[in-house]
Amino acid sequence: MIHASDMFGGLRGHDEVVVTGGAGFLGRHLVTALSRLGKKVTVVDHAELPEDIAALPGVRYARADLRDYGETLLALQGADVVFHLAGNASGTVSVEKPRHDFHLNALGTCNVGNACLELGAQRLVYVSSAVVYGTPQRTPMGEDHPTQPFLPYGASKLSGELVLRSLHQSAGLPVVIGRSFVIYGPGEDPARAGGEVSQFLRWHLNELPIPVVGDIDRKTRDFIHVDDMCRALVTLADRGQDGETYNLGSGTEVSMRELAEAVGEATGRPALLDADDSSLEDSFSLVADVSRLAALGFSPAIDLAAGLSSLAAALGPFPELPTAKAVFRRERPERRCLTGAAAC
Ligand SMILES: NC(=O)c1ccc[n+]([C@@H]2O[C@H](COP(=O)([O-])OP(=O)(O)OC[C@H]3O[C@@H](n4cnc5c(N)ncnc54)[C@H](O)[C@@H]3O)[C@@H](O)[C@H]2O)c1
């Protein structure tokens, strides 16, 4: 649990805060943390807000679809600080529905940036993704690593970054961009979330082998606990430099084999891996160089062992099994005629 005293500057001088995507996994944790800081928090989301979040002190809900500029403008009125989290967070969804993904992530972000300019917000923090880097060329990756996304999700998140940076340069939008590595913690939706930490735990707590696609030693990731991520986002709002990009991760490299071992240690029972190395598409090291974030005074407080133990306790025995799949490629459809088309 995050306490107000953990939150550095704690957004001093900024009372009205908007969290877009506040009904989602990361958003619910951030809204809870901001409510504890005594902020007036408006959750902007097109999904229903869970009752426990809606009941928190200082929290109100403004239903809006950020693809609609009029709705965006209304929902963001009066905000001092805007945390923009809303969007599609699934690479698989982006492969299957790239236009949908682009509308949510790119158009939605353009609307939020423009509304912040028009309404005079003092700070916008945009949660982007490490997926914008594409296949890593080095480990760890600094913010100057080339951006060559191979998933539509990476392209749409990068488009969001580019449009906000261009609004910073052309019109002075006070935006800070955070590129998040893999977030884990309680509250992930097992049907949508592809994060390995909660997926591994869910299989293991059901006393089943853990299915993993790829090379269990070459596939490494950087996991950051959701409470640390909330602290990092507040740090960006307080101390981040306008127009700058920051990696948001733990800076610790963990292979799939090491993660399984840590799951076994956290639960007191060795974990069994069921590795499928027929696809090595994402068998690479994806680890953040976090020195730029560290220079703001931030360091993660929850290591993987502690995070796994508390998540295992939160999930309890026999939690719902993950159903989210990882899709990197879509079948090319047969050539087809559309109704009304002159000829094929
Ligand atoms: N979870 C991770 O590991 C991770 C890693 C890197 C980046 N991120 C980024 O963090 C952010 C939050 O991720 P999450 O895991 O909480 O995702 P999530 O899917 O749980 O939450 C996203 C929220 O955005 C809302 N939303 C989507 N489109 C909207 C629209 N057009 N208008 C209004 N609301 C809309 C959804 O209803 C949902 O509540 C996303 O931008 C994601 O790209 C997440």
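Colleague: In which loop does Glu 207 lie?
Modeller: Happy to start there, and please keep in mind that this is a predicted model. The phi of Glu 207 is near 60°, a positive value in a residue other than glycine. Most residues other than glycine have a negative phi. Glu 207 sits in the loop between α7 (196–205) and β8 (210–213).

Colleague: Thanks! Is the peptide bond from Thr 139 to Pro 140 cis or trans?
Modeller: Most peptide bonds are trans. Pro 140 belongs to the loop between β5 (123–129) and α6 (152–171). With omega near -10°, the bond from Thr 139 to Pro 140 is cis.

Colleague: Let's go on to helix packing. At what angle do α7 and α9 pack?
Modeller: Two packed helices are described by the angle between their axes and the distance between the axes. For α7 and α9, the axes are 10 Å apart. Helix α7 passes α9 in a right-handed crossing. The angle is about 50°.

Colleague: And which residues of α9 make the contact with α7?
Modeller: From the α7 side come Glu 196, Val 197, Phe 200, Leu 201, His 204 and Leu 205. By class, the residues of this α7 and α9 contact divide into eight nonpolar, three polar and one charged. On α9, the partners are Met 256, Leu 259, Ala 260, Val 263, Gly 264 and Thr 267.

Colleague: How is α9 oriented relative to α11?
Modeller: Helix α9 (residues 256–267) and helix α11 (residues 304–315) have axes 9 Å apart and an angle of about 55°. An angle counts as roughly parallel under 35 degrees and as roughly perpendicular from 65 to 115. The angle here therefore makes α9 oblique to α11.

Colleague: How many charged residues does the contact of α9 with α11 have?
Modeller: Helix α9 contributes Leu 259, Ala 262, Val 263, Ala 266 and Thr 267, while α11 brings Leu 304, Leu 308, Ser 309 and Ala 312. Sorted by class, the α9 and α11 contact holds seven nonpolar and two polar residues.

Colleague: What is the handedness of the crossing in which α3 passes α5?
Modeller: The axes of α3 (residues 69–76) and α5 (residues 98–119) come within 9 Å and cross at roughly 50°. These two helices are therefore oblique to each other. The crossing of α3 past α5 is right-handed.

Colleague: Which residues of α3 make that contact with α5?
Modeller: The α5 side supplies Asn 111, Val 112, Asn 114, Ala 115, Cys 116, Glu 118 and Leu 119. The contact of α3 with α5 has seven nonpolar, three polar and one charged residues. From α3, the residues are Tyr 69, Thr 72, Leu 73 and Leu 76.

Colleague: Now to the ligand. How many residues surround the ligand?
Modeller: The closest are Leu 26, Asp 45, Leu 85, Tyr 153 and Lys 157. Counting those around the ligand gives 27 residues.

Definitions and conventions: Residues numbered from 1 in each chain as written. Predicted model: local features only at pLDDT ≥ 70, side-chain atom pairs only at ≥ 80, totals over all residues. Heavy atoms only, no water. Axes fitted to C-alpha atoms, helices over the stretch in contact; angles between N-to-C directions. Helix = DSSP H or I, 4+ residues; strand = E, 2+ residues; numbered from the N terminus. Parallel < 35°, antiparallel > 145°, perpendicular 65-115°, else oblique. Left-handed = near helix turned anticlockwise from the far one by under 90°. Contact = heavy atoms within 4.5 Å. Nonpolar A, V, L, I, M, F, W, Y, C, P; charged D, E, K, R; others polar. Near = heavy atom within 4 Å.
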